Amino acid sequence: MKIARVLPALLLVLCAARAWAAETDELLKAASGAFEAAQHRKVIEIAAESDAAREGAPKLLYLAGESRLVLGEPAEAEAAFRAVLQKRPQAQPARVGLGRALSLQGKHEEALVELKAAAKADPKDPAAQRALAQAVVAADQAAEGTKLLETLLKAQPTDVLAARLLVEARLKAGEVEE
């Protein structure tokens, strides 16, 4: 008899959960499409529509953070990446994004802590290795950044972003001939 009273409420909760999941999927699909189309303001608007308590929100916040970086808003990107990491502390892309946002704000020590942790957590992640090298160069350690990029390029010889960063690091280090 108690089950008969609880069952309608349980079904109502399950239906609501299913509706939230469907709505979040639609928002994530829309945000991903906008990101791929380089409509970064739209990505931010879509992420703002989401309820942070929903399961898909960290992905939306991540896309908003990346969009904020593209738009030159590193402080806002930092906030978005930190929000992702609150919900998912092991989210490697968000940790890399956070490190990049910190580095762009000149918070080099914090950036290096985050990016070293990301690079250590997944040594084969080229995005983490590249971001770490870029932050090291930005922190006026061009020689060390050059070594990191050379190592990355040995493992990923077609990484054009790393190759570009290596040229910039060598120029900053005064290695014009290289």
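With which residue does E78 form a salt bridge, and how far apart are the closest N and O atoms? In this predicted model, E78 is paired with R82, and the closest N and O atoms of the two residues are 2.9 Å apart. Side chains of opposite charge can pair when their charged atoms come close. Both E78 and R82 belong to helix α4, which covers residues 74-87. The two positions are 4 residues apart, or about one turn of the helix. The count of salt bridges in the model comes to 13.

Two packed helices are described by the angle between their axes and the distance between the axes. For helix α2 (residues 40-49) and helix α3 (residues 57-70), the axes come within 9 Å and cross at roughly 150°. This crossing of α2 and α3 is left-handed. On the α2 side, the contact involves H40, R41, V43, I44, I46 and A47. These meet L60, L63, A64, S67, R68 and V70 of α3. The residues of this contact divide into 8 nonpolar, 2 polar and 2 charged.

Terms used: Residues numbered from 1 in each chain as written. Predicted model: local features only at pLDDT ≥ 70, side-chain atom pairs only at ≥ 80, totals over all residues. Heavy atoms only, no water. Axes fitted to C-alpha atoms, helices over the stretch in contact; angles between N-to-C directions. Left-handed = near helix turned anticlockwise from the far one by under 90°. Contact = heavy atoms within 4.5 Å. Nonpolar A, V, L, I, M, F, W, Y, C, P; charged D, E, K, R; others polar. Salt bridge = Lys/Arg side-chain N within 4 Å of Asp/Glu carboxyl O.
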